[in-house]
Amino acid sequence: MAVHVQPVPLTRNLVGRLSATRSADVRARVAGVLLKRLYVEGSDVKAGQALFQIDPAPLRAALDGALASLAQAEANAANAHVTAQRSRELLPSGLVSRSAVGQAKAAVGTARINFGYATVTAPIGGRAGQQGVTEGALVGQGTATLLTTVEQIDPIYVNFDQAAVDIEQLRRAQVAGNVTVAHGSEVSVQVVLADGTPYAHTGTLDFLDVRVDPATGAVALRGIIPNPDHQLLPGMFVGVRLTSGEVKRGFLVPQAGLERDAQGPYVLVAGADDKVVQKRVTTETLAGPNWIVTAGLADGDRVIVSGTQHARPGSSVAAVNAAAPAEASPATADVAAGAPAAAH
């Protein structure tokens, strides 16, 4: 197979787990009897949408009592003001009345807030989960009872780890000038589903931790993926194809064409005179079924990818050209794979 120098994306295949971008617990903030659920479990809700109704009668009564107390305090303050106009000695009594009005207004404000809490609304937009408490139950007594959870899953997070040594190697390659490293949102994150199918929408890198987990030697990363159809759900394990840079000048060599011995990796090349030449190479990483070779090859070299057991350095071979994997039809690929280089 003739190999040619080209820019090659640097891709790592990892494993990740999906999680919601935002998750909010919906709790009862006042005490009362839960009357009814106002949403369909598992459906999408909007921020501010009513989800539950707590019996408002006791809270309405408390608000009415606070309003009555405010009216009484305002009447007392008005009377005290009139009296103070007649006798300046009674002015301190007027100050006390105005203070009582302020306290009554604060009590009315608190009662209004509590009355509003009788209708429990969604704090964020997203998918509302299962109902946690049934109708007729007393909620919010002493603690804020959890009623349900709303999760935002479009977009959705994918959390995964990458070995710290891989990240360090990538940085060294960048310093050497062999690799262009992407940063932040330039880093591509592709989710691969359980059946091996790539997810339709490609995401970007959202977070890179600044510390290495001493237990695993890995760094935590997080991607953010568009999820308009809600096909991806929190908790799912998925494959992650992370493209974090590009080799400026690389060769794609099929795995079958690269061998190793005590001195390291090498390939066998059919020279212009069809004699086998061993070439020591430097590899970067795997890119699908191919190795990325960054040094040791020349543009146009014919790498032996099949029948290597018959080829020895210095021997003459009858080389048969094999099409590149991406260009070969199934029939051509079968013939090429089954046509070894015959040694003389």
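**A hairpin, charged pairs and a nonpolar patch**

Strands β14 and β15 form a hairpin, with 2 residues between them; strands here are DSSP runs of E with at least two residues, and helices are runs of H or I with at least four residues, numbered from the N terminus. This is a predicted model, in which local features need pLDDT of at least 70 and side-chain atom pairs count only at pLDDT 80 or more, while totals for chains, interfaces and linings use all residues. Residues are numbered from 1 along each chain as its sequence is written, and side-chain values use heavy atoms, with hydrogens and water left out.

One of the residues involved is Glu259, whose bridge partner in β15 is Tyr266.

Side chains of opposite charge can pair when their charged atoms come close. The structure holds 9 salt bridges, a salt bridge being a side-chain nitrogen of Lys or Arg within 4 Å of a carboxyl oxygen of Asp or Glu. Among them is the contact between Asp261 and Arg280, with an N to O distance of 2.6 Å. This pair links distant parts of the chain, since Asp261 lies in strand β14 (residues 258-261) and Arg280 in strand β16 (residues 276-280), 19 residues apart. Asp261 counts as partly exposed because its relative accessibility is 33%, and Arg280 counts as partly exposed at 30%; buried means under 20% relative accessible area, exposed over 50%, and partly exposed in between, with a 1.4 Å probe and protein chains only.

Another salt bridge joins the side chains of Glu168 and Arg172, at 3.9 Å from N to O. These two residues are 4 residues apart in helix α3 (residues 164-176), so about one helical turn separates them. Glu168 is partly exposed at 37% relative accessibility, and Arg172 is partly exposed at 48%. Asp25 and Arg27 also form a salt bridge, in which the closest N and O atoms are 3.5 Å apart.

Where does the surface carry a nonpolar patch? Val33, Leu35 and Leu138 form one, with about 250 Å² of accessible area together. Patches are made of residues with over 30% relative accessible area and no salt bridge, like charges being joined within 9 Å and nonpolar side chains (Val, Leu, Ile, Met, Phe, Trp, Tyr) within 5 Å; accessible areas come from the Shrake-Rupley method with a 1.4 Å probe, and for residues only the protein chains shown count as cover. Leu138 lies in strand β7 (residues 138-139) and counts as exposed because its relative accessibility is 53%.

Key
Two strands pair if DSSP finds at least two bridges between them.
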